[in-house]
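Please work through the exercises below with the sequence and the model side by side, trying each task before reading its solution.

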Amino acid sequence: MNNAIFQFTIKQFLARPVRIVLVVLFFLFPLDFDCISIFSPFFEGLPRMSSTDSACNFAFIIAAGIIGSDVSDGILPLTFSRPLKRIEYILSKWLAVSSMVAILAILNDLIHWMILSKGSLEMLQSVEPCIFLNTVTAALGSTAIIMLFSSLVPGIADIGIILLIGVIATITMLINHYWKVAWAINVAAVLLSILSPHVDLSTLSGTYEVIEAFGIYLSTVFTALFLATYFVNRKELSYGRE
């Protein structure tokens, strides 16, 4: 990992006020419902966004255009004018964004449990540690996928790819809901799993299932990072031809 790229990626996010505002809104929105549910029985028992969903949302906001913006702003050729390996560039940005995403999602969960327990640590002590691991895998997985999309298109056009996949997944779920087409829900599940690869340990039982889940997860993440590295290298070659 390259510390300079790692720190620069974090500074890039902090220099974009619109994204900071979006992150703050997504961070506070579920906590507002937590506060209201304490005083209003009407909101009590409403389903809350899971920590893995929170991690995905934070990843989409922070990581959008993570490579494409460097291309559009002319940062990428300047970065590669130095002795920096392409995989090192990819891994440094991936870890920088994933770290921010995981910290935000876990912190949001901690505050959530503190609010519901009204400041008591009893509920926090009963939380299963696997929840934190689920969040970390979601942060690393979602960021890797967005980096792949961002390596394909300039600017923040990767948001369009994410929205397109989300729309197709929604349409297939509606097809299954109204016409009971079995394949539609399977397609939707695959598309959503592509956007948010993660491991949910709470649903796994037995060593074989855990190994299989992590095998699929790691192959997805590393394939995304490998392809992102390949496409970034191709972009750099195009600069040389120009």
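**Exercise 1: Helix 8 and helix 9**

Task: find which residues of helix 8 meet which residues of helix 9, and describe how the two helices cross.

Solution. Ile 146, Phe 149 and Ser 150 in helix 8 meet Asp 158, Ile 161, Ile 162 and Ile 165 in helix 9, where contact means heavy atoms within 4.5 Å. By class, this contact of helix 8 with helix 9 has five nonpolar, one polar and one charged residues; Ala, Val, Leu, Ile, Met, Phe, Trp, Tyr, Cys and Pro count as nonpolar, Asp, Glu, Lys and Arg as charged, and the others, Gly among them, as polar. The structure is a predicted model, in which local features need pLDDT of at least 70 and side-chain atom pairs count only at pLDDT 80 or more, while totals for chains, interfaces and linings use all residues. Residues are numbered from 1 along each chain as its sequence is written, and side-chain values use heavy atoms, with hydrogens and water left out.

Next comes the geometry. The axes of helix 8 and helix 9 (residues 158-179) come within 8 Å and cross at roughly 120°; axes are lines fitted to C-alpha atoms, for helices over the stretch in contact, and angles run from 0 to 180 degrees between N-to-C directions. Helix 8 and helix 9 are therefore oblique to each other, since angles under 35 degrees count as roughly parallel, over 145 as roughly antiparallel, 65 to 115 as roughly perpendicular and the rest as oblique. Their crossing is right-handed, a term used if the near helix is turned clockwise from the far one by less than a right angle.

**Exercise 2: Helix 6 and helix 8**

Task: describe at what angle helix 6 and helix 8 pack, and which classes of residue form their contact.

Solution. Helix 6 (residues 86-116) packs against helix 8 (residues 130-152) at an angle of about 140°, with the axes 8 Å apart. The two are therefore oblique to each other, and helix 6 passes helix 8 in a right-handed crossing. The residues of this contact divide into 16 nonpolar, three polar and two charged. On the helix 6 side they include Trp 94, Val 97 and Trp 113, and on the helix 8 side Phe 132, Leu 140 and Met 147 are among them.

**Exercise 3: The whole chain**

Task: state how many helices and strands the chain has, and what share of its residues is buried.

Solution. The secondary structure comes to eleven helices and zero strands; helices (H or I, at least four residues) and strands (E, at least two) are DSSP runs, numbered from the N terminus. Of the 242 residues, 40% count as buried.

Note on methods
Buried means under 20% relative accessible area, exposed over 50%, partly exposed in between (1.4 Å probe, protein chains only).
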